[in-house]
Amino acid sequence: MARLLSLKKLLLVYFVMSTGALLWLILNFGLFCHTSSKEEETLLTKTRELRHWEERLRRRERDLQKKPQQDASLPTIYAIMPTHTRHVQKAELTRLAQTFLHVKNFHWILVEDSHSRTDLVTSFLASCGIKYTHLNIKTPEDYQLKETDPNWLKPRGVEQRNVGLQWLREHLDEDSDKGVVYFADDDNTYSLQLFDEMRQTRGVSVWPVGLVGGMRFERPVVEHGRVVRWYTYWRPERPFAIDMAGFAVNLQLILENPQAKFELRVRRGYLESSLLEHLITMDELEPLADNCTKVLVWHTRTEKPKMKQENQLIQLGRPSDPRIEV
Ligand SMILES: *[C@@H]1O[C@H](CO)[C@@H](O)[C@H](O)[C@H]1NC(C)=O
């Protein structure tokens, strides 16, 4: 905040001085009227330069305003998010960045499913205005989904989330870093209220998730302030029959339990349980979103765009410009 203020002051001083200088030049020009055409030209060039710098400053000021506010008294939200290259990737990241920009003390841990960090994600993150860490790990061959596989066949984003957890354990301190860990997905939709709710998580907090499991919503069922069972169609007897988007974990709990991670070899629907079983029991869960009666996150899932016409043009020898990033 203090930095922002002094920058603003600096901007103000700059504007006053540059305007003053310009006025002085014009006044002199008017008073003596001896200016040759060459001097006139210099004056014009200088004015143009001033305009250019003014525009740059204005742009810089806009960028600064775009930055989310920080508040040292609030715990940080560490959002671990797997992502993979596909046509809609940049659109999804843009949509999410523009949500996360509104969240205070937010640290985006984006983990690409790839052998190296891609140029698209690298330059996207550099200009998104959010605090971030950029990681990557390729999913082992046997665990990759094939084009024709239904998306529930194999657990997705497992290695990527584990690499995110590993980063937290290697870079954060149990005593001095206060935070909450959330597993985000690049095709979900998040209400800003969700982040306000999860920020005070002491152990593990839970809430409903919309448009998931072939239902309008799934949710933990709460009685007398405690989670007693799961409202879901698929295997409600699972230890934690909850979607990845439906819980957050206090950072301390993650750091204190270094063995806790997601298991790659689990039966369908047991991925979330494979982590949570190391951390907590059902009766200790903290129900949020009005005792789990409000939906604040949705599994929206963007439709995969078809490239039929694009492919036809390629066959005709008229591919689109590869320099244009989409
Ligand atoms: C949740 O339920 C408990 C117990 O029934 C109640 O005391 C509490 O006020 C409820 N909280 C909210 C936010 O509705």
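Start with the whole sheet: seven strands make up an open, mixed sheet, in the order β3-β2-β1-β4-β10-β6-β11. At its edges sit β3 and β11 (286–287), each of which pairs on one side only. A word on terms: two strands pair if DSSP finds at least two bridges between them, and strands (E, at least two residues) and helices (H or I, at least four) are DSSP runs numbered from the N terminus.

Before you click further, note that this is a predicted model, where local features need pLDDT of at least 70, side-chain atom pairs count only at pLDDT 80 or more, and totals for chains, interfaces and linings use all residues. Residues are numbered from 1 along each chain as its sequence is written, and side-chain values use heavy atoms, with hydrogens and water left out.

**Stop one: β1 and β4**

Select residues 76–83 for β1 and 179–183 for β4; they run parallel, with five bridges.

**Stop two: β2, α4 and β3**

Now pick β2 (residues 106–112) and β3 (residues 131–136), a parallel pair joined by six bridges. Ile109 has Thr133 in β3 as its bridge partner. Follow the chain from β2 through helix α4 (residues 119–126) to β3, and you trace a right-handed β-α-β crossover. (Right-handed here means that, with the strands pointing away from the viewer, the path from the first strand over the helix to the second runs clockwise.)

Axes are lines fitted to C-alpha atoms, for helices over the stretch in contact, and angles run from 0 to 180 degrees between N-to-C directions.

Show the side chains next: Gln89, Lys90, Leu93, Thr94 and Ala97 of α3 meet Leu120, Val121 and Phe124 of α4, where contact means heavy atoms within 4.5 Å. The residues of this contact divide into five nonpolar, two polar and one charged. (Ala, Val, Leu, Ile, Met, Phe, Trp, Tyr, Cys and Pro count as nonpolar, Asp, Glu, Lys and Arg as charged, and the others, Gly among them, as polar.) Turn the view and you'll find α3 lying across β1 and β2, at about 165° to β2.

**Last stop: two hairpins**

Jump to β7 (residues 209–212) and β8 (residues 215–223), an antiparallel pair with three bridges. Val212 is bridged to Met215 in β8. Two residues lie between these strands, and Gly213 takes a positive phi near 65°.

Then move on to β9 (residues 226–231), joined to β8 by five bridges and running antiparallel. Val221 stands opposite Arg229 in β9. This hairpin of β8 and β9 also has two residues between its strands, with His224 in the turn at a positive phi of about 50°.
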